[in-house]
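Here's a quick tour of the fold you're about to look at. Have a glance at the chain, then read on.

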Amino acid sequence: MKKQKIVFFIIQFIILLFLFMNFSTNFASAALFDSTPELISKLNSALEDIEGWLLTLATPAAAVAVGVGVFMKKFSFGDEERIRIAKKLIRGSLFSYGFILAINLVLSAIKSLID
């Protein structure tokens, strides 16, 4: 009885060993021979679409913000508070637009980590 259990466990172990070896070779071959998995390519295209939408929306918004700041400064008529607010508006919109333009670097870093 004891000998049958030992033989049964040895046979189960050998079967599981072969199954795991087969799975590991399948995963390794998929990782080595496939160019890019479908999920990664979809993620890359989604990130590129998001980047395009951000640039499309941010460019006119930054232009309007800078324009409002310039006109606010021009028509402040010497009011120090309005001049200070206009300078903050111009500076803030330019920095924000710079960060949005730098999002390409961030997305490139994410893509390099994924690939």
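Start with helix 2, which has a kink of about 25 degrees at Ala58, shortly before the proline Pro60. The bend at a residue is the angle between axes fitted to the seven residues ending there and the seven starting there. Bear in mind that this is a predicted model, where local features need pLDDT of at least 70, side-chain atom pairs count only at pLDDT 80 or more, and totals for chains, interfaces and linings use all residues. Residues are numbered from 1 along each chain as its sequence is written, and side-chain values use heavy atoms, leaving out hydrogens and water.

Ala58 is also one of the buried residues of helix 2, a list including Ile40, Leu47 and Gly69. Buried means under 20% relative accessible area, exposed over 50% and partly exposed in between (1.4 Å probe, protein chains only).

As for the whole protein chain, there are four helices and zero strands, in the order α-α-α-α. Helices (H or I, at least four residues) and strands (E, at least two) are DSSP runs, numbered from the N terminus.

Some totals for the protein chain:

| Item | Value |
|---|---|
| Buried share of the 115 residues | 12% |
| Accessible surface (Shrake-Rupley method, 1.4 Å probe) | about 9500 Å² |
| Part of that surface on carbon and sulfur atoms | 73% |

Over in helix 1 (residues 2–33) sits Phe13. Is Phe13 buried or exposed? Phe13 counts as exposed because its relative accessibility is 56%.
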